[in-house]
Amino acid sequence: MSSELKRFDIGARLSEMTVHNGVAYLAGQVPADQTSDIETQTKQVLGAIDALLARAGTDKSRILMAQIFLVDLADFPGMNAVWDAWVVPGNTPPRATVQANLARPGWRLEVVITAAV
């Protein structure tokens with residue numbers, strides 16, 4: 001038995017999101033502005049996540065897991081302040097935050113989300 005698999009914004013290297021069996025799998029979301037501070041970059045990334053989840057017919061209250069990659073752990077408090085204002089109270093998902101080198105030097109964070117549709 002096969003289930004429908006739907007990809008969004010398919011590129012040569014990756015798709016921004018795949019929906020399968022009622023679950024949305026988002027590619028790592030990165031900020032558009034590589035010169036801004038962690039708060040601005042976090043807002044940009046969370047906005048991109050909101051937009052993708054809406055396209056899948058879901059929202060941030062249905063996030064199953066979040067993975068956050070930070071270049072500099074000194075940015076952890078600033079990122080958390082924006083995250084805390086964004087996340088739905090009572091629906092905070094499991095989350096992992098790790099320090100990592102990212103593909104572009106201006107990116108301060110990358111966020112990977114899995115959500116129920």
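The model is predicted. The chain has 2 helices and 6 strands. Its radius of gyration is 14 Å, close to the 13 Å that the globule rule gives for 117 residues, so the chain is as compact as a globular protein of that length. The structure holds 2 salt bridges.

**Fold**
- From the N terminus, the element order is β-β-β-α-β-α-β-β.
- Along the principal axes, the C-alpha atoms fill a box of roughly 50 × 40 × 20 Å.
- Of the contacts between residues at least 6 apart in sequence, 67% join residues at least 24 apart.

**Burial, surface and charge**
- Buried residues account for 38% of the 117 residues.
- The accessible surface is about 6,500 Å², and 52% of that belongs to carbon and sulfur atoms.
- The chain carries 10 positive and 12 negative side chains. The centres of these two sets lie 6 Å apart.

**Salt bridge: arginine 55 and aspartate 9**
- These side chains meet at 2.7 Å, N to O.
- Arginine 55 lies in helix 1 (residues 38-55) and aspartate 9 in strand 1 (residues 5-10), so the pair ties together parts 46 residues apart in sequence.
- Arginine 55 is partly exposed, at 44% relative accessibility.
- Aspartate 9 is partly exposed, at 43%.

**Salt bridge: aspartate 75 and arginine 108**
- These side chains meet at 2.8 Å, N to O.
- Aspartate 75 sits in the loop between strand 4 (63-70) and helix 2 (76-86). Arginine 108 sits in the loop between strand 5 (95-99) and strand 6 (109-116). The two are 33 residues apart.
- Aspartate 75 is buried, at 8% relative accessibility.
- Arginine 108 is partly exposed, with a relative accessible area of 30%.

Notes. Residues are numbered from 1 along each chain as its sequence is written. This is a predicted model: local features need pLDDT of at least 70, side-chain atom pairs count only at pLDDT 80 or more; totals for chains, interfaces and linings use all residues. Side-chain values use heavy atoms; hydrogens and water are left out. A salt bridge is a side-chain nitrogen of Lys or Arg within 4 Å of a carboxyl oxygen of Asp or Glu. Helices (H or I, at least four residues) and strands (E, at least two) are DSSP runs, numbered from the N terminus. Buried means under 20% relative accessible area, exposed over 50%, partly exposed in between (1.4 Å probe, protein chains only). The radius of gyration is taken over C-alpha atoms; the globule rule is 2.2 Å times the number of residues to the power 0.38. Contact means heavy atoms within 4.5 Å. Accessible areas come from the Shrake-Rupley method with a 1.4 Å probe; for residues, only the protein chains shown count as cover. Lys and Arg count as positive and Asp and Glu as negative; His and the chain ends are not counted. The place of a charge is taken as NZ of Lys, CZ of Arg, CG of Asp or CD of Glu.
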